[in-house]
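Work through the exercises below with the structure open. Each task is followed by a solution in steps.

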Amino acid sequence: MDNLFAVLRQFDLEIIVGLGMAFFTIVMARIQIVRTRRTRTSDLYDDFYNADHYRRVVHPVFCIHRKLAALEGPAREEYIEAILVGWQGKVEDPVEAWHALIPEKHRSLSAMEQHFFVESSTENFTEHEALTSFMYFWVRAHRMIITHLIDKKLFAELFCNSFKYYDDFLHELRTRICETGDPSEIPSWVPATAYIQNLLEDADCKSPRTP
């Protein structure tokens with residue numbers, strides 16, 4: 001009988017040790033997942049403020065934002081229509097359209113020409129190309145959030161100022177696209193930026209007007 005109790009005690013000890021090791025493995029795996037998500041989030045933030053991305057994408061979009069803020073009346077409407085037309089499938093071949101226009105050397109450019117054909121950065125991006133890259137950065141971020149590839153809380157902390165600066169601008173573009181566009185052809189950045197705006201709505205930004 002004593003031998004039986006000894007065997008049972010040994011068996012219990014092995015179970016306890018096994019359960020302990022399993023628990024430790026689960027905890028360590030979870031810690032590694034959290035670390036990986038936080039690293040990816042930090043890398044995404046670094047990508048946004050990478051010098052090349054900032055010159056080619058972020059700064060031109062900042063200039064679009066400021067230009068819209070400065071324009072009024074018909075001039076503003078013309079400019080925002082030029083921005084929106086690129087997302088509504090109305091410009092099938094902008095390069096061909098550009099050659100057909102053949103503007104005079106000293107003629108002031110229209111809003112359409114400014115947005116689609118004038119290089120807005122030293123890296124040869126037009127405003128539309130920069131804005132496209134900007135929008136799909138947020139699409140990428142949105143997909144990483146909903147697939148749990150990055151840390152949602154850290155994302156909100158890091159990108160609070162960077163995204164909130166463009167809240168009004170993005171909200172206006174989304175509203176205009178949804179009002180005039182085909183519901184079946186709404187670009188993916190519309191729901192993506194709306195999701196991120198809702199995510200950051202209650203975020204505590206120290207300087208919400210800093211890009």
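In this predicted model, D52 and R55 both sit in helix 2 (residues 51-70), 3 residues apart, about one turn of the helix.

**Exercise 1.** Decide what contact the side chains of D52 and R55 make, and which network they belong to.

Solution.
- Step 1. The N to O distance between the two side chains is 3.8 Å.
- Step 2. The cut-off for a salt bridge is within 4 Å, so D52 and R55 form a salt bridge.
- Step 3. D52 is partly exposed at 32% relative accessible area, and R55 is partly exposed at 40%.
- Step 4. Through salt bridges that share partners, D52, R55 and R56 are joined into one network.

**Exercise 2.** Classify E127 and K67 as buried, partly exposed or exposed, and state where each lies.

Solution.
- Step 1. The side chains of E127 and K67 form a salt bridge, 3.0 Å from N to O.
- Step 2. E127 belongs to helix 6 and K67 to helix 2; the pair links distant parts of the chain, 60 residues apart.
- Step 3. Buried means under 20% relative accessible area. E127, at 6%, is therefore buried.
- Step 4. K67, at 25%, is partly exposed.

**Exercise 3.** Find which parts of the chain the R140 and D47 pair ties together.

Solution.
- Step 1. R140 and D47 meet through their side chains in a salt bridge of 3.1 Å, N to O.
- Step 2. R140 lies in helix 6 (residues 127-146) and D47 in helix 1 (residues 2-48), so the pair ties together parts 93 residues apart in sequence.
- Step 3. R140 is partly exposed at 39% relative accessibility, and D47 is partly exposed at 31%.

Notes:
Residues are numbered from 1 along each chain as its sequence is written. This is a predicted model: local features need pLDDT of at least 70, side-chain atom pairs count only at pLDDT 80 or more; totals for chains, interfaces and linings use all residues. Side-chain values use heavy atoms; hydrogens and water are left out. Helices (H or I, at least four residues) and strands (E, at least two) are DSSP runs, numbered from the N terminus. Buried means under 20% relative accessible area, exposed over 50%, partly exposed in between (1.4 Å probe, protein chains only).
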